[in-house]
Amino acid sequence: MKPSPALVKPPSGPGKPSPERRVAPGPDFASKSVPRHLARGAIGFGLVIGSIALVPVAGPATLLAAPLALIAFRGCPTCWMVGLAQTISRGRLERRCVDGVCTLTKAHPHPDPDPDSTPRT
C-alpha cells in the first residue's frame with residue numbers, strides 16, 4: 001500500500017524508529033529568511049503607497065504600479081503577513097497530531113554532536 005503524500009518520514013539514525021508525521025496542508029507563503037521577507041514587504045508597501053501618493057503629481061497612470069505589489073506580496077498584504085509569521089516560526093514550532101487532536105508545540109532542536117567544537121572557517 002502506497003502512503004499518502006501528506007505523510008512524511010523524517011530521517012532517523014541507525015537503530016532509531018522513524019515515526020510518521022503529518023505535514024500541515026495549505027499554501028506556504030514563507031520566505032527563505034526574515035530579512036528577505038521584510039525586503040519583499042518594503043517593496044510591496046512602497047509600491048502601493050507610492051502609486052497612491054503620486055496620483056496628484058503624475059496622474060492616475062501611477063496606479064498601474066499597485067498591481068506589481070501583488071507580486072512582491074505573493075498575493076495580498078494579508079498573505080504577506082501570514083508568510084511573515086510562517087518565516088519567523090519555521091523550525092521553531094511543530095504541529096503534533098495524536099488520536100485526531102493536534103497541538104502546536106516548540107520544536108526540539110537537533111543536539112550538536114560535539115558542543116565544544118568550533119566552526120570551521
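**Close-up views of a predicted model**

**View 1. Thr62 lies in the loop between helix H2 (55-58) and helix H3 (66-73).** Helices are DSSP runs of H or I with at least four residues, strands are DSSP runs of E with at least two, and both are numbered from the N terminus. This is a predicted model, in which local features need pLDDT of at least 70, side-chain atom pairs count only at pLDDT 80 or more, and totals for chains, interfaces and linings use all residues. Residues are numbered from 1 along each chain as its sequence is written, and side-chain values use heavy atoms, with hydrogens and water left out. Thr62 has a relative accessible area of 15% and is therefore buried (buried is under 20%, exposed over 50%, partly exposed in between, with a 1.4 Å probe and protein chains only). The side chain of Thr62 reaches the backbone oxygen of Gly59 at 3.0 Å. Apart from neighbours within four places in sequence, Thr62 is in contact (heavy atoms within 4.5 Å) with Ser51, Leu54 and Val55.

**View 2. Ser31 sits in the loop that runs between strand S2 (21-22) and helix H1 (34-53).** Ser31 counts as buried because its relative accessible area is 7%. The side chains of Ser31 and Arg40 are joined by a polar contact of 2.4 Å. A polar contact is a pair of N or O atoms within 3.5 Å; within protein, one must be able to donate a hydrogen and the other to accept it, and residues adjacent in sequence count only if both atoms are side-chain atoms. With neighbours within four places in sequence left aside, the contacts of Ser31 are His37, Arg40, Arg74, Thr87 and Arg90.

**View 3. Cys97 and Cys102 form a disulfide.** Their sulfur atoms are 2.1 Å apart, and a disulfide is a pair of cysteine sulfur atoms within 2.5 Å. The torsion about the S-S bond is about 105°, so this disulfide is right-handed. Cys97 is partly exposed at 36% relative accessibility, and Cys102 is partly exposed at 38%. A search of the whole structure finds one disulfide.

**View 4. Cys76 is in no disulfide, and Cys79 is in no disulfide.** For Cys76, the nearest cysteine sulfur is that of Cys79, 3.2 Å away. Cys76 is partly exposed, with 29% relative accessibility. For Cys79, the nearest cysteine sulfur is that of Cys76, 3.2 Å away. Cys79 has a relative accessible area of 17% and so counts as buried.

**View 5. Val34, Leu38 and Ile88 form a nonpolar patch on the surface.** Together they have about 220 Å² of accessible area, from the Shrake-Rupley method with a 1.4 Å probe, where for residues only the protein chains shown count as cover. Patches take residues with over 30% relative accessible area and no salt bridge, joining like charges within 9 Å and nonpolar side chains (Val, Leu, Ile, Met, Phe, Trp, Tyr) within 5 Å. A salt bridge is a side-chain nitrogen of Lys or Arg within 4 Å of a carboxyl oxygen of Asp or Glu. Leu38 is in helix H1. Leu38 is partly exposed, with a relative accessible area of 43%.

**View 6. The protein has four helices and four strands.** Along the sequence, their pattern is β-β-α-α-α-α-β-β. Of the 121 residues of the protein, 16% count as buried. Of the contacts in the protein with a separation of 6 or more, 44% are between residues 24 or more positions apart. The accessible surface of the protein is about 9700 Å², and carbon and sulfur atoms account for 67% of that surface.
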